[in-house]
Amino acid sequence: MRRIIPLLFSLLISVSIFAQDDLMDLLNENTKPEINYATATFKSTRVMNGHSIERMPPGQLDVRISHRFGRVNSGAYEFFGLDQSSIRLGLEYGIFNWLMVGLGRSSYEKTFDGFAKFTILRQSSGARVMPVSVSLFSSIAITSVKWSDTSRTNYFSSRLSYVHQILIARKISQSFSLQLTPTFVHRNMVATEIDPNDLFAFGAGGRMKLTKRISLNAEYFYLVNPRQYMSQQVYNPLSAGVDIETGGHVFQLFFTNSLAMIEKGFIGETTGSWLKGDIHFGFNISRVFTLKK
Amino acid sequence: MKRLSVILLLLNLVVATSAQKYMTKNGYVGFFSHTAIEDIKADNNQAVSVFDTASGEMVLQVLIKSFHFEKALMEEHFNENYMESDKFPKSVFKGKITNPASVDFSKPGKYDVTVEGDLNIHDVTKKISVRGTIEVIKGGINATSKFNIVPEDYKITIPGVVRDNIAKNLEVTVSLKYSPVENK
């Protein structure tokens, strides 16, 4: 009998130890906090004309076709600008989860462009809190229009211009994202002596989701350089429109006062004014292909 | 008397070995959608689950953002448009084997079981009952199950334009390799 009591007692203990604590508690104790990255701050790698902090994920190819039609105020004869169109074709690819590169060709000044975009910081909550996402963007553009003056010595370097941007964005809520874009543009050659080679601009862009698949976007670049030191009247580019997402496509439809689709063009060479009605209808179509799984 | 103490000792052993909790932190949960247009597959290897062999109770939790797809765009749409994973970051199942007595956790072997419980996806809780297999192996338990769920049951709306790309019934696969929880 004396032997049985401790055995009975141990039986009691072995049952009670396990039955008490809640399985869910045990599970939660063993779940380590995760870093929760903000995703889809913007639907596309562009806010409208300019780049957003978004990049192509590794192995994904983005085939982009962009159009800007003529000016809306050109009247019915020009079918309100739709008779003319300026095009950029682009192939853009994600290499690492922090780097994307792209190549493009614009009909505007027959320009080739190449860019790289680096993801520096990603907005996150949870185990690591980061209030903003930051990307760096650098591009080079090469115009290939025939030299206007063939009597002088023309250098290839005169065709080049460079753009560097710091993209800082925050997905403020599920439906609202904002981006600030300090920009530096260097043009190797400018039209006249008074035109500055270096331009500084401050960009701001945002998107407001209307539904899960449609968002309202707007973008503005403020050119810091004084306008009187430019040989032609340039305006700050303002664009507004919508992003429409279907399965594998993103359509961006918008109105803008700039014709060019690359930074060097729309920041320093926008000659249209919204107030005068120099507005272009434009769209970007993005189709993503998975090249590498 | 002697016999009684032997029985008690054995019983004690059985209870001590079987009344044990098992856990996995890298369980697999995946789903598959097949349509004529495309196949969609997502894998999550970070499911956390605890299983109590005494009561047959189990809990399973997955983070929605830990589901990975072949195409990054699918993953984005999954999180942004369908699961709203910022609002509802995880999915939880709390259930119980309906026939725990039919499984002998002290003897290696395969046992068919039925698990019943509450599955919470997208902040909607539904009672489900699924069939699965429990395999008792040396130093652990493997649990597997395959079942179907209907996204619309969990208020996950799929718009008309892609309705043909996503199957009405998603086939869910669960595979958990439990090991015993160390007693403190």
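Which residue is the bridge partner of Ile65(A) in strand 3 of chain A? I looked it up and found Leu89(A).

I note that this is a predicted model, where local features need pLDDT of at least 70, side-chain atom pairs count only at pLDDT 80 or more, and totals for chains, interfaces and linings use all residues. Residues are numbered from 1 along each chain as its sequence is written, and chains are lettered from A and ligands numbered from 1 in the order in which they are written.

**Strands of chain A.** I took strands as DSSP runs of E, at least two residues, and helices as runs of H or I, at least four, numbered from the N terminus. Chain A has three helices and 14 strands. Strand 2 (residues 60–71) runs antiparallel to strand 3 (residues 85–96), with nine bridges. Pairing needs at least two DSSP bridges. Eight bridges tie strand 3 to strand 4 (residues 99–106), also antiparallel. These two form a hairpin with two residues between them. There, Phe96(A) has Leu99(A) as its bridge partner.

**Extent of chain A.** I read a box of roughly 120 × 45 × 35 Å for the C-alpha atoms, along the principal axes. Of the 293 residues, 35% are buried (20 or more other C-beta atoms within 10 Å of the residue's own, C-beta atoms being placed from the backbone).

**Cores.** I took a nonpolar core as buried Ala, Val, Leu, Ile, Met, Phe, Trp, Tyr and Cys residues joined through C-beta atoms within 7 Å. The largest has 26 residues; Phe51(B) and Tyr178(B) are among those with the most contacts inside it. Apart from it lies another core of 15 residues, including Val185(A) and Phe221(A).

Methods
A residue is buried if 20 or more other C-beta atoms lie within 10 Å of its own, exposed if 12 or fewer, and partly exposed in between; C-beta atoms are placed from the backbone.
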